[in-house]
Amino acid sequence: MINFFEGIFNSFYKNLIAGDAYLIVLKGLWVTILISFLGLLFGTILGAVLCFLRISKIKILKKTSQFIIAVLRGSPVLLLLMLLYYVAFANSRIDAVIIAVIAFSLNSGAHIAEVMRSAVEAVDHKQLEAARMLGFSKSKAFFAITLPQAAIIAKPVYQSAVVNLIQWTSVVGYVTITDLTRTVNNIGARTGDPFFALFFGILIYLGLSYLVYSLFSIGEKRSELK
Amino acid sequence: MIKIAGLTKRFGNLVVFENIHTHIKKGECIALIGPSGAGKSVFFRSLAMLEIPDSGSIFINGTDITKKEVNLNHVREKMGMVYQGFHLFSHLNILDNITLAPVLVKKQDKKAAEKKAMELLSLVGLTDKAGNFPHELSGGQQQRIAIARCLAMEPEIMLFDEPTSALDPTMTGEVLAIIRKLTKMGLTMVIITHEMKFARDVSDRVFYMDEGGIYEEGTPGEIFDHPKKEKTKTFIRKLKIFNYEIVSKGFDLVAMNARIETFCQKYNLDSKQVYYIQLFLEELIVEIFSHCYESSNPEIYITIEYSDESNGISICINYKAAEFNPFENSDDEIDHLGVTLINKMAKKIEYLYEPGLNSVNINL
């Protein structure tokens, strides 16, 4: 029994404390968070634009955005990332992290566009008309009536898109970025105790997911109080 | 107030309505009735340019709102529309539902808007629901809120699109009562409704829409008690009509009887009534045949009308021939047993002759 605890402690020490390994882990975590956050931010903006075009009445805009969304959603994000890194930006000096942010923005943007579209279409459009009849302009009515309701509808799906995005960023190691996954993998390889290092990595990802869920549920409680 | 000139709307080849001309005066309450698919809704929605008419003009207070340069948002501010399905803003509570437009569109002070909203809530009798959300209210209550929401913008025109047809009968009364109140406030109103009694009570004029336009219009008394045109009558009296024509001597009596039976079954007439209808027709046709069409081909038109409302049946037979009243020469009862029978059983029998055309009307 004592041996068991001692073993865990040893692993813990070896993997995370010795040589300030935890600082490296934190650095990797930071890269993961940075790529996820920026990917989500630009992805959401791109998603909103694509969604706007997708529901537009102008046929060419609609078809174009439909095509873009289909291509981006249908292709693996890792291939997109590699294509950008090894082909499109091969000769540029742009930082790999920025390229990763671009790749994840494109991919999550396409997903988020569809999340937004289905939410907007799920809102009772007669309420929008009712607002128009009260004198609201088209855009004013959209922001006052459709958007708040669409946000509520989209929230659960959006939330899982965020968690998905965070987990998919674990592939950035392929393009030389040292993110959380790459860090724990390196540590495991160095110490010869990969199980502990990788397991610890999973725990951190799990923690991130729960952080996302709890951030979303704070918003929920607030909207319930309202 | 509202003047409509030559308004036309088509969906592809389908003409919804064509060349409508009418004038609705300030403070008037118009009931729009008619069968479904007659273009009531489209006509009604085009009053607010929610449907864009293909041609014609709509003048609201002298401004042609079909013109491109007109700011429809301003026009609509002066109009309130109440929907069949309420369509309250489901993410806002009742008070916010009412104050949203005054605050955001009219830029009213939030406090003042809320004060006004509370007054309106007391008008519709729902002050205690101010903090509730729409889904917590019954249909009738939601509809009253929808009316209050429109009134908050102080409209000049109120449009009601079947305001009670999504409500169960216990709730229609509360909504109709509010609408009645509004008529006394001098608002100009247009109401699409299937509640004939309500339309009659509340409206100043009734438009009956059919055949791609306003088919007949008049005061409630004119439309409901003395409709002039054929389709209006049918609609008002909830008539079900069966037509049959006989233009050859070798006509198929069995087939006609079968069709009458189908017609009667469709409207739940009992078998005794069906039997009488068939019997009367058979006797009369024999009588008419033998008198009028010995040497010529018959031309007999039969109409059976059944009124859902009064449960009455009337049989009308028109035949082109020289004057012949089958009920007159029935002195010899044995020879004309059928006619005698009809004489005894029918509630009312009428005979009319216009040159070349005999018509017999029998009420059962």
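**Exercise 1.** Determine how many bridges join strand β12 of chain B to β13(B), and how the two strands run.

*Solution.* Strand β12 (residues 300-307) of chain B is joined to β13(B) by seven bridges, and the two run antiparallel; strands here are DSSP runs of E with at least two residues, numbered from the N terminus, and two of them pair if DSSP finds at least two bridges between them. I302(B) has I317(B) as its bridge partner in β13(B). The two strands form a hairpin with five residues between them, and in the turn N311(B) has a positive phi of about 65°. The model is predicted, with local features requiring pLDDT of at least 70 and side-chain atom pairs pLDDT 80 or more, while totals for chains, interfaces and linings use all residues. Residues are numbered from 1 along each chain as its sequence is written, with chains lettered from A and ligands numbered from 1 in the order in which they are written.

**Exercise 2.** Find which residue in β15(B) stands opposite I317(B).

*Solution.* Begin with β13(B), which seven bridges join to strand β15 (residues 357-363) of chain B in an antiparallel arrangement. Within this pairing, I317(B) stands opposite V360(B).

**Exercise 3.** Assign the residues of strand β13 of chain B to its covered and uncovered faces.

*Solution.* In a regular strand the side chains alternate between the two faces of the sheet. In β13(B) (residues 313-320), I313(B), I315(B), I317(B) and Y319(B) make up the covered face, whereas S314(B), C316(B), N318(B) and K320(B) make up the uncovered one.

Conventions:
A residue is buried if 20 or more other C-beta atoms lie within 10 Å of its own, exposed if 12 or fewer, and partly exposed in between; C-beta atoms are placed from the backbone. Helices (H or I, at least four residues) and strands (E, at least two) are DSSP runs, numbered from the N terminus.
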